[in-house]
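Open the model in your viewer and keep the sequence panel beside it. This tour goes stop by stop, with something to select at each one.

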Amino acid sequence: MENGIVDLISFDQGFAWDHWAVWYFLLVGSAAGALLIAFIAAVRDQNAPEIRPALFAAAACGLTAAVPLLADLHQPARFMHFYLGTAPHSIMWWGSWFLPAFVGGLAMLVVLYSPFGDRFAAYRRYLWYWTAIFSVAVLAYTAGEMTIVRARPVWHETFFPIMLTLSAIISGSGAVSIVAAVRGQKPGIAPQVLATGSALFVVGVAVWIAAGWGKNVVDGGAFADLALNANPVNLLFLMTGICGVGGLVMALVASRAALFAAVSGLLAVVGALIFRWELFMGGQAQLKLEAGFLPHALINNNEALAGLIGTVGLLAVVVVVLSFVLNHEGENKDGHTASHSVL
Amino acid sequence: MKTRREILSLSAVAALGLAAPGSAALAKPQSQTSSTGDTPRWGMVIDLRKCIGCQACTVSCSMENAVPVGNHRTVVSTYEIQTDDGPGQAVLPRLCNHCENPPCIPVCPVEATFQQKDGTVVIDAEQCVGCGYCVQACPYDARFINKQTGVADKCTFCVQRVGVGLLPACVETCVGGARVFGDLRAEDSAVTKLIRNHKVDVLRPHMGTRPQVYYIGLDDRLQDRVEAESGSRQLRNQDAQQES
């Protein structure tokens with residue numbers, strides 16, 4: 001004991017954002033990351049084969065994301081209040097417009113790349129730019145709305161928006177790698193993005209911890225405190241490292257076999273999920289008024305389980321639907337219809 | 001010579017005076033206008049030298065505002081701290097600071113939380129979507145999601161009482177008269193006099209929120225994030241780990 005302060009009576013307000021928020025941010029971040037990979041391929045060639053797995057991954061994540069977001073509202077039936085007034089001073093309000101613009105763009109792209117969309121192919125270019133712009137807007141608002149919260153020291157640190165965005169891109173490239181491997185399609189630049197992103201991620205986490213080493217929580221040491229002192233969050237950081245390093249290694253050998261690509265993608269998605277869980281739940285567990293952390297028992301585990309089952313279940317349904325809708329490969333430049341693939 | 005009715009009336013007034021303990025009643029606000037005739041700016045001064053940590057304010061607030069079990073609009077954090085004379089007890093009543101620059105308001109995506117002309121920060125429970133963003137933004141942990149209503153909740157300076165000329169419940173019940181409520185704009189109000197005549201501090205001043213709850217006798221070690229190294233929360237964490 002150094003300063004000799006003992007809390008005799010203290011109170012805990014609990015978690016305002018539950019697990020649903022973690023799922024939402026992961027899914028919408030992955031969707032934006034995957035969409036950007038698809039966009040880069042589409043800029044070169046709107047019929048490039050590597051567009052399809054990236055669009056598939058983006059659409060699957062993006063179309064699922066709105067549900068955990070609604071579930072995270074404690075009054076979900078009032079979601080229309082976002083649109084019945086204006087609150088331009090709130091980043092979350094801007095996000096409430098960016099999200100449907102992005103998801104709507106994704107849905108339209110899926111339609112244009114379906115068997116019904118060939119006749120509207122001329123509109124693809126505009127839709128790609130629309131969706132890419134709003135994918136960047138989504139990445140910016142999700143990172144921005146948390147970074148401005150000065151009351152949460154971890155979220156307010158300089159590294160936070162960078163690492164959150166990086167994890168979204170890694171997760172998005174991981175999702176693309178999984179879809180490409182499972183559907184037997186070309187992953188495009190996804191493995192390179194995954195490998196580069198994972199390397200940057202591992203270095204970034206290490207630098208972030210080192211930057212906060214020995215500092216006070218409110219003076220830049222919040223992430224280091226979370227990583228090194230919070231239990232079981234520090235265990236999860238170890239898992240993140242394993243996922244990051246594992247994802248990197250697997251991505252480097254991904255070109256040798258589809259299995260390696262799928263495993264690297266899975267590690268990237270799981271790593272991003274764990275990392276974001278740490279930042280979201282760990283960030284809330286880190287007390288505002290006193291040293292220490294909230295008891296993790298305050299997290300409603302039934303709610304967490306419901307979130308997991310609900311989100312993964314919905315994702316599975318969306319994947320099945322997309323596997324039929326995006327089963328159409330369109331026409332190649334030489335006029336031949338490309339081979340169809342099924343999930 | 002006084003009639004029996006007048007004597008009974010005086011007795012009732014005297015009894016009420018005893019039932020309303022402390023000097024808090026001196027600061028009783030008069031509806032929504034101050035002595036200057038302008039809109040008041042409500043604020044609170046908490047004299048920590050008088051607070052005995054009895055939690056009467058905590059209980060009365062919960063009763064007055066029907067706060068669900070497990071949530072608090074106000075609470076008295078209590079610490080053991082080292083003094084020159086050895087270990088001593090320090091108390092710190094916490095509540096919404098009704099800041100001049102409240103970080104909870106601009107983040108609200110549906111404008112459900114706002115500041116009244118009298119400075120009180122309140123929430124429109126019908127408009128709130130329960131997104132919890134304001135809860136995150138408050139650096140004083142004064143907000144929470146009400147388990148029963150599903151919307152953000154916090155201290156309102158008992159707006160329903162102050163509006164009809166009563167004191168906030170916590171002030172009314174403060175045994176030691178440590179909590180004083182009044183108009184910060186009025187030169188002759190009890191809060192203004194206390195601020196003028198004493199060294200006062202606010203919590204977490206570096207956050208730039210300009211809190212309007214002032215403390216007399218605040219220990220420097222309690223002004224910001226309290227570096228408590230052990231205690232009741234640690235025990236709760238251990239219990240939680242054992243249970244899980």
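A residue counts as buried if 20 or more other C-beta atoms lie within 10 Å of its own, with C-beta atoms placed from the backbone. Keep that cut-off in mind for the first stop. Note also that this is a predicted model.

**Stop 1: helix α8 of chain A**

Select residues 233-252 of chain A, which make up helix α8. The helix has 20 residues and reaches 28 Å from its first C-alpha to its last, close to the 28 Å expected at 1.5 Å a residue. Now colour its buried residues: A:Val233, A:Leu236, A:Phe237, A:Thr240, A:Cys243, A:Gly244, A:Gly247, A:Leu248, A:Met250 and A:Ala251. What covers them? Show α5 (159-183), α6 (190-212), α7 (222-229) and α9 (258-285) of chain A, which are included in the cover.

**Stop 2: confidence in chain A**

Colour chain A by pLDDT. The average is 88, and 93% of the residues score at least 70. Which elements of chain A have the lowest and the highest mean pLDDT? The lowest, 82, belongs to helix α8 of chain A, and the highest, 97, to helix α4 (residues 124-147) of chain A. Next, select residues 331-343 of chain A, where pLDDT stays under 50. The model has 19 contacts beyond four places in sequence for this stretch. Where pLDDT is low, the predicted coordinates should not be read in detail.

**Stop 3**

Select residues 19-44 of chain A, helix α1. Its 26 residues reach 38 Å from the first C-alpha to the last, close to the 38 Å expected at 1.5 Å a residue. Is α1(A) mostly covered or mostly open? It is mostly covered, with 23 of its 26 residues buried.

Now show the largest nonpolar core, which has 177 residues. The members that touch the most other members are A:Ala34, A:Ala38, A:Ala54, A:Leu55 and A:Ala58. α1(A) gives the most to this core, 19 residues. Centre on A:Ala58. Leaving out residues up to four places away in sequence, A:Ala58 touches A:Ala31, A:Ala34, A:Leu35, A:Ala38 and A:Leu106.

**Stop 4: chain B**

Switch to chain B. Count eight helices and 11 strands. Of its 244 residues, 44% count as buried. Take the contacts in chain B between residues at least 6 apart in sequence: 63% of these join residues at least 24 apart.

**Stop 5: where the chains meet**

Show both chains. Here 51 residues of chain B are in contact with 43 residues of chain A. Which elements of chain B give two or more residues to its side of the contact? They are β2, α3 (104-107), α4 (133-137), β6 (144-145), β11 and α8 (232-243) of chain B. β2(B) supplies the largest share, eight residues. By class, this side of chain B has 25 nonpolar, 15 polar and 11 charged residues.

**Stop 6**

Select four strands, which form an open sheet in the order β3(B)-β2(B)-β1(A)-β11(B) with mixed pairing. At the edges are β3 (86-94) and β11 (230-231) of chain B, each pairing on one side only.

Start with β2 (residues 75-83) of chain B. Nine bridges join it to β3(B), and the two run antiparallel. Pick B:Glu80; its bridge partner in β3(B) is B:Gln89.

Finish on β1 (residues 6-9) of chain A. Two bridges join it to β11(B), and this pair runs parallel. Zoom in on A:Val6, which stands opposite B:Ser230 in β11(B).

Key: Residues numbered from 1 in each chain as written. Chains lettered and ligands numbered in written order. Predicted model: local features only at pLDDT ≥ 70, side-chain atom pairs only at ≥ 80, totals over all residues. pLDDT = per-residue confidence, 0-100. Contact = placed C-beta atoms within 7 Å. Pairing = 2+ DSSP bridges. Nonpolar A, V, L, I, M, F, W, Y, C, P; charged D, E, K, R; others polar. Buried ≥ 20, exposed ≤ 12 C-beta atoms within 10 Å, placed from the backbone. Expected span 1.5 Å × (residues − 1). Core = buried A, V, L, I, M, F, W, Y, C linked by C-beta atoms within 7 Å.
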